[in-house]
Amino acid sequence: MHFETTTAPDDIAWQELALCAQTGADFFFPEPGSSVREAKRICGMCEMRPACLEYALANDERFGVWGGLSEKERQALGRTGRAAPCIGA
């Protein structure tokens, strides 16, 4: 007998390849009012940035830097309904 799963797990394999996985969460989840410049710099070099941003938007991640965007930037993106901006490396 063959059983199929009814729900597929989120495709998060990209997380293992992301530069943030090698850096540590402190840069990407700074204290309120702290700079996110270093996190954005690291994101700018990461090939997984598009998958990360897509994941954050799809899962309504409200804290931290995801895909090179801060919380406020992702919220603004969601309000406008526009595609994610191209973030140069």
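## Start at Val-36

Select Val-36: leaving aside neighbours within four places in sequence, Val-36 is in contact (heavy atoms within 4.5 Å) with Pro-30 and Val-65. Val-36 sits in the loop between α2 and α3. Helices here are DSSP runs of H or I of at least four residues, strands are runs of E of at least two, and both are numbered from the N terminus.

## Colour by confidence

This is a predicted model, in which local features need pLDDT of at least 70 and side-chain atom pairs count only at pLDDT 80 or more, while totals for chains, interfaces and linings use all residues. Residues are numbered from 1 along each chain as its sequence is written, and side-chain values use heavy atoms, with hydrogens and water left out.

Colour the chain by pLDDT, the predictor's confidence in each residue, from 0 to 100. The mean for the protein is 81, and 76% of its residues reach 70 or more. Select residues 1–9: pLDDT stays under 50 there, and the model has 0 contacts beyond four places in sequence for this stretch. Select residues 84–89 next: pLDDT again stays under 50, but the model has 10 contacts beyond four places in sequence for them. Where pLDDT is low, the predicted coordinates should not be read in detail.

## Show the helices

Switch to a cartoon. The protein has 5 helices and 0 strands, in the order α-α-α-α-α along the sequence. Helix α3 (residues 37–44) has the highest confidence, at a mean of 95, and helix α5 (residues 71–80) the lowest, at 84. Of the contacts with a separation of 6 or more, 41% join residues 24 or more positions apart.

Buried residues make up 26% of the 89 residues. Buried means under 20% relative accessible area, exposed over 50%, and partly exposed in between (1.4 Å probe, protein chains only).

Pick Ala-21, in helix α2 (residues 20–23). Ala-21 counts as exposed because its relative accessibility is 52%. Not counting residues up to four places away in sequence, Ala-21 touches Gln-15 and Glu-16.

Move to α3, where the buried residues are Ala-39, Ile-42, Cys-43 and Gly-44. Their cover includes α2 and α4.

## Helix α4 and the cores

In α4, select Arg-49, Cys-52, Leu-53, Tyr-55 and Ala-56, the buried residues of the helix. Seen down the axis of α4, they fall within an arc of 160°, so they line one face; the arc is that of the directions from the helix axis to the C-beta atoms. On the other side of α4, Pro-50, Glu-54 and Ala-58 are exposed.

Now select the largest nonpolar core, which has 8 residues: Trp-14, Ala-18, Cys-46, Met-48, Cys-52, Tyr-55, Ala-56 and Trp-66. A nonpolar core is a set of buried Ala, Val, Leu, Ile, Met, Phe, Trp, Tyr and Cys residues joined through side-chain atoms within 4.5 Å. Helix α4 (residues 49–58) gives the largest share of this core, 3 residues. Apart from it lies another core, of 5 residues, including Phe-28, Ile-42, Cys-43 and Val-65.

## Cysteines and the end of α4

How many disulfides are in the structure? A search of the whole structure finds 0, a disulfide being a pair of cysteine sulfur atoms within 2.5 Å. Cys-43 is in no disulfide, and the nearest cysteine sulfur, that of Cys-52, is 6.0 Å away. The sulfur of Cys-52 is 5.7 Å from the closest cysteine sulfur, in Cys-20, too far for a bond. Cys-43 counts as buried, at 8% relative accessibility, and Cys-52 counts as buried at 10%.

Finish at Asp-60, in the loop between α4 and α5. Asp-60 is not a glycine, yet has a positive phi of about 50°. Asp-60 counts as partly exposed, at 46% relative accessibility.
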